[in-house]
Amino acid sequence: MLTLLDSTGTLIDLTDYTFLGHMAITASGPSVAEFSFEVQDQTTSLGEVMIILTSGVTSAIPVPKSTTVARPSASFIYDILFARPAGDYLRLLTGTAVVVA
């Protein structure tokens, strides 16, 4: 769950906002997973959006098999952006995610 605030610390009404997100092996590489987003009820949960990775999406993330460790893992780059009603995009988060098989 993300809670978005403006520069004054006020919760942002996310009505009509669109969110995008993905994971990739490298910053310029193709996506290996796409995030889904669910904007919460802006009457009761102002500024909140749920980030979702379904079991089908996570099971398709390519983690190399290993003969030396019981639970192999792989690191991926992720980005989460949102489109404001004016049509411009703003990067909210970027980082590294470790996926364990």
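The legends below accompany close-up views of a predicted model.

View 1. Followed along the sequence, the elements of the chain come in the pattern β-β-β-β-β-α-β-β. The radius of gyration is 16 Å, well over the 13 Å that the globule rule gives for 101 residues, so the chain is more spread out than a compact globule. Taken along the principal axes, the box filled by the C-alpha atoms comes to roughly 50 × 30 × 25 Å. Among contacts between residues at least 6 apart in sequence, 48% join residues that are at least 24 apart.

**View 2. The surface of the chain and its charged side chains.** The chain exposes about 6,400 Å², and carbon and sulfur atoms supply 55% of that area. Of the 101 residues in the chain, 32% are buried. The chain carries 4 positive and 9 negative side chains, and the centres of these two sets are 18 Å apart.

**View 3. The open sheet of 3 strands, in the order 1-5-4.** Pairing in this sheet is antiparallel. Strand 1 (2-3) and strand 4 (36-39) stand at the edges, and since each has a single partner strand, one side of each is left without a neighbour in the sheet. Strand 1 runs antiparallel to strand 5 (residues 48-52), and the two are joined by 2 bridges. Within this pairing, Leu2 has Val49 of strand 5 as its bridge partner.

View 4. Which residues does Leu4 contact, leaving aside its neighbours within four places in sequence? The contacts of Leu4 are Thr10, Leu11, Ile12, Leu14, Phe19, Gly47 and Leu92. With a relative accessible area of 10%, Leu4 falls under the 20% cut-off, and Leu4 is therefore counted as buried. The C-alpha atom of Leu4 is separated by 6.5 Å from that of Glu48, although these two residues are 44 residues apart along the chain.

**View 5. Asp16, a residue other than glycine with a positive phi.** The phi angle of Asp16 is about 70°. Is Asp16 buried or exposed? The relative accessibility of Asp16 is 65%, and because the cut-off for an exposed residue is over 50%, Asp16 counts as exposed, whereas Leu4 is buried.

View 6. Strand 2 is mostly covered, with 5 of its 7 residues buried. The link between strand 2 and strand 3 is a hairpin, which joins them through 6 residues.

**View 7. His22 and the residues opposite it in strand 3 and strand 6.** Which residue of strand 6 does His22 stand opposite? In strand 6 that residue is Asp79, while in strand 3 His22 stands opposite Glu34.

Notes. Residues are numbered from 1 along each chain as its sequence is written. This is a predicted model: local features need pLDDT of at least 70, side-chain atom pairs count only at pLDDT 80 or more; totals for chains, interfaces and linings use all residues. Side-chain values use heavy atoms; hydrogens and water are left out. Two strands pair if DSSP finds at least two bridges between them. Helices (H or I, at least four residues) and strands (E, at least two) are DSSP runs, numbered from the N terminus. The radius of gyration is taken over C-alpha atoms; the globule rule is 2.2 Å times the number of residues to the power 0.38. Buried means under 20% relative accessible area, exposed over 50%, partly exposed in between (1.4 Å probe, protein chains only). Contact means heavy atoms within 4.5 Å. Accessible areas come from the Shrake-Rupley method with a 1.4 Å probe; for residues, only the protein chains shown count as cover. Lys and Arg count as positive and Asp and Glu as negative; His and the chain ends are not counted. The place of a charge is taken as NZ of Lys, CZ of Arg, CG of Asp or CD of Glu.
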